Structures are given as structure tokens and as C-alpha cells.
Amino acid sequence: MNWTHTALTLALAGACQLSAAATFPDHAITWVVPYTPGGVTDHTSRMIGKLMSDQLGQPVVIDNRPGAGGQTGTDAVTRAEPDGYTVLYGTQGTLATSPALYTTSVKYKPLEDFVAVHGMLASPMVVVVNANSPHKTLQDLVAYAKKNPGKVNMASAGIGTGTHLGGELFQTAAGIKFTHVPYKGSGPAMNDLRGGSVDVLFDYVISSTPHIQAGGIRPLAITGSERITALPDVPTMAESGFDSATTTSWSGIFVPAGTPPATVKKLADAMATALDSEEVKNYATTFGSTRMVGLSQEKFTQFLKDEMVRWKGVVDRSGAKLD
């Protein structure tokens, strides 16, 4: 009798899950951004979330949950219902590098706690200093840092973020050492750079460009492999003599493990359509980003596995272990 009851319960649960997946979505979707408002993560989430909302027929609501370099919001999603109504904005920092940086404090397991839905954008960063900085070129900054180890304060959007690891990669390539000053997002870091409290920031082009145009900060180099439309006069890392520091930082969407495959596919299809929009194409062209077209589900999972291996190597070489 007990076995019959258990089998019936499981069958009913499976039927309910299939029914829910078939009608998904029938109400608003929460898109968790594990960083503060105002930075590139927030901007791109709102842009692409709106496009996905148009495809899915339900609102996509952005929920900023900053803290611990993105770990707080990322970990919170592991406890959400696996029904597709909570989506995580995942990044290279939170899912590929934090597990390598932190040996004990990262509570989530990227490959076990999440389902990879679809990649979004791979974006270069721009190395920026205050407009009144004496450093006119990247070579100027490196020369000063070599003579004054640890005296250059490098801001970042948080420990383990792309802005942090991009800076760590550059220090390794240039043979220098900055003092890392982590913030809870690129917005607060940019505010202090403009105010002169810190010396250098590896930031995303979309969030730095308005400050560059306003004259508050000065760009020294682009971390991507090519110059970009938004900042055509800014040299690449390779052109500046630091080819091994060339890098981009990627993003994508994830859902809690156990989310029905049919629901995951609907989200992946909506993302694919958003990436094919003229708005995202123009954004990518202007800011030098690569649209991660076709990188969904199984392919995105393999991509994450490869990135975890790659960035563990960067972390190990940088000596940036944090616990």
C-alpha cells in the first residue's frame, strides 16, 4: 500500500511539473543581478530582460542583490523554486573564478546547483584612471608601479569579479603589484576613481564611456583583441605591449538545478531571440562585445566547465587565494 501511495504521489508530482512547464510563464520572472544598480551588469540585464519579456509575454523584473563579490545573490538563487521564475545573471566572476579564489566560503557549486540556460555577452574592459592622473599611457602606469610596488590602488567591482581578475591578469603580465580595493559594484568603484580615492579601475566600456566623455576619467587601454567603435583612439593591450593580458568577461543566465527542461528551453529560446535583435547587435558593435549566439544549454555547460579550468589557472598563477 505504501509503495502504491508513493508511486501515485510521484506520478502526480511529475504531472504537475509537466503542466506547469507547459504553461510557463504565466506570471512575472525575477532576474537576480548579484551586483549593485548602475553598472554594466544592471544595464545589460535591463536591456536584455526587456527583450526577453517581449518574447515571453510576462514582465522580467530586475532584482539587485549585491554582496561578497556577487556571491550573496548567486547563492540566494540556489534556494529558489526550480520553476523558471527565478533567473540568475551569472558571470565569469561568480561562477568561474570565485570557486577558485575561495576554497571554503563559496557555498554554491556552479555545475551542480545551476542549469546553464544561455550565454549573453563577452565584453572587453577598459583600463581607466582619474582625469588628473599623471599616467597618460599604460606604460606610464606600469613604470610607476614597478618603482612603487603596492602604492597603486586598484578598484574593482568586487573580489572575484571580472574587473578584479582582469586586473590580476594584467599585473601578472606586467610584472607589477597593485593594492586591490574591492567595492560592491562598478558604480561605487567608479565614484571613488572620479573622486581620486583610488588610482586605477578595470571597468566595462558601457559604464566607463559616459565618464570618459564627460572628462572625469582617462582611458589607457582596451583589454579586448581589437579597438572598439565607442573608443576608437584607445589602444588594445597588445598594442600597449601586454598581449598576454588580453581578456574579455562573459555573462549568461542560469536557473536553479531541477528546473524542467521545457522551461529551460523556453528561456534559452527567448535569450537567443534577444541576442539577434538590432538593439543588442548595435550595442555589441559599439562596445566591442561578442554576442554568445548559439551557446545554450549543453554547449553553455561545457563552456562553463572550460572557463572554470582556465580561470583556476589564472587565479593559481596570480596567487590571489582569499581563504
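This is a predicted model: local features need pLDDT of at least 70, side-chain atom pairs count only at pLDDT 80 or more; totals for chains, interfaces and linings use all residues.

Residues are numbered from 1 along each chain as its sequence is written, and side-chain values use heavy atoms, with hydrogens and water left out.

**The nonpolar cores**

Select W31, I48, M52, L138, F170, F178 and L267, the residues with the most contacts inside the largest nonpolar core, which has 69 residues. Helix 10 (residues 261-275) gives the most to this core, namely seven residues. A nonpolar core is a set of buried Ala, Val, Leu, Ile, Met, Phe, Trp, Tyr and Cys residues joined through side-chain atoms within 4.5 Å. Buried means under 20% relative accessible area, exposed over 50%, and partly exposed in between (1.4 Å probe, protein chains only). Helices (H or I, at least four residues) and strands (E, at least two) are DSSP runs, numbered from the N terminus.

Apart from this core lies another, of 24 residues, including L101, A116, W250 and V315.

Which residues surround L138, leaving aside its neighbours within four places in sequence? L138 is in contact with V127, F170, L220, A221, M237, S240 and F242, where contact means heavy atoms within 4.5 Å.

**Aromatic pairs**

The structure holds ten aromatic pairs. Rings of Phe, Tyr and Trp (its six-membered ring) pair if their centres lie within 6.5 Å; planes under 30 degrees apart count as stacked, over 60 as edge-to-face and the rest as tilted. Select Y108 and F114, an edge-to-face pair at 6.1 Å centre to centre with 70° between the planes; both residues are buried.

Next, select F170 and F202, whose ring centres are 5.8 Å apart and whose planes stand at 45°, so the pair is tilted. This pair links distant parts of the chain, 32 residues apart: F170 is in helix 7 (residues 162-174) and F202 in strand 8 (residues 200-204). F170 is buried, with a relative accessible area of 0%, and F202 is buried at 1%.

Show helix 2 (residues 40-56) with helix 10: their axes come within 9 Å and cross at roughly 120°. Axes are lines fitted to C-alpha atoms, for helices over the stretch in contact, and angles run from 0 to 180 degrees between N-to-C directions. The contact involves I48, L51, M52, Q55 and L56 of helix 2 and, among others, K266, L267 and A270 of helix 10.

Then show helix 4 (residues 92-101) with helix 7, packed at an angle of about 60° with axes 9 Å apart. Here Q92, G93, T97 and L101 in helix 4 meet G162, H164 and L165 in helix 7.

**Two single residues**

Select Y283 in helix 11 (residues 278-287). Y283 is buried, with a relative accessible area of 6%. Beyond its neighbours within four places in sequence, Y283 is in contact with V40, H43, T44, M47, L121, I206 and S289.

Finally, select T86 in strand 3 (residues 86-91). Is T86 buried or exposed? T86 is buried, with a relative accessible area of 16%. Leaving aside neighbours within four places in sequence, T86 is in contact with T30, V32, V77, A80, F254, V255 and P256.
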